[in-house]
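Subject: Structure handover

Hi,

Here is the structure for you to look at. Please open it first, then read my notes below.

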Amino acid sequence: MLARMNARPPAAAIVLAAGAGRRVGADEPKAFLSIGGRPMLAVAAAAAAASGAVDELIVTAPEGFEDRARSCVDGLAIPCTVVPGGRSRQASVRAAFHVLSERVELVAVHDAARPFAPPDLFASVLEAIGDDADGAIPVLVVADTVKRIDGGLVVATVPRGDLALAQTPQAFRRGPLRDAHDRAVAAGLEVTDDAQALEEAGFRVRAIPGDPMNVKITTMLDLARADARMGGAHA
């Protein structure tokens, strides 16, 4: 009886890897770029699988790159499914929902472009949902002074006391996540992360401390730094 009471809800991780990565300026999708001799997607997926809090993994890949994505998750200790992603974040998350196991109650959504998310961060956001929230996200406190710019000129200093920078993985109850994305699509709302979809739909999202090393790879400089961190050619 005690073991049943302490059992965690079944959870899945969706790793979004369908982006073209145009800002990186590479000749292939960003998720397959190498850091330390491994595809970025392989590093991110391995962290999710190693968390101990995730029972299955869904990867959304660029159309035509499904086999390559499968090669990045071969050998992981949990079941992995690769599906073609969409042209937007919402479309990719919704595509992943079609193959989630019926038993899954919690869903962590993670960007492959954040390959340095530690395994325990997946566990932390899933555990943080609790009874009084529908989701949980890792955030970093804003340390720098924030300015509002208009036409190249500073027009205001923005109070930073209640500002934070959102990271992934972000974790949600399955029902609210699906409902929030359905509402966003119906309203024509393009969200920049999944928490925004829940916020707009009136669901509750808890913030927990993020990891300053959990950086997002957006530019070629970011890629070079990530490669060096992994002991690659730029080290």
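Which residues is leucine 57 in contact with, leaving aside its neighbours within four places in sequence? Contact means heavy atoms within 4.5 Å. Leucine 57 touches Ala13, Val15, Ala45, Ala48, Val73, Leu76, Ile78, Pro79, Cys80 and Thr81.

First, some ground rules. This is a predicted model, where local features need pLDDT of at least 70, side-chain atom pairs count only at pLDDT 80 or more, and totals for chains, interfaces and linings use all residues. Residues are numbered from 1 along each chain as its sequence is written, and side-chain values use heavy atoms, without hydrogens and water.

The average pLDDT (the predictor's confidence in each residue, from 0 to 100) is 92 for the protein. Of the residues, 93% score at least 70.

Buried means under 20% relative accessible area, with a 1.4 Å probe and protein chains only. This core has 35 residues. Leu57 is among those with the most contacts inside it. Helix H2 (40-49) gives the largest share, six residues. Helices here are DSSP runs of H or I, at least four residues; strands are runs of E, at least two; both are numbered from the N terminus.

Last, helix H4 (residues 89-97). Seven of its nine residues are buried, so H4 is largely enclosed by the rest of the structure. Phe97 is one of the buried residues. The cover includes strand S5 (80-84) and helix H6 (174-187).

Best wishes

How values were computed. A nonpolar core is a set of buried Ala, Val, Leu, Ile, Met, Phe, Trp, Tyr and Cys residues joined through side-chain atoms within 4.5 Å. Buried means under 20% relative accessible area, exposed over 50%, partly exposed in between (1.4 Å probe, protein chains only).
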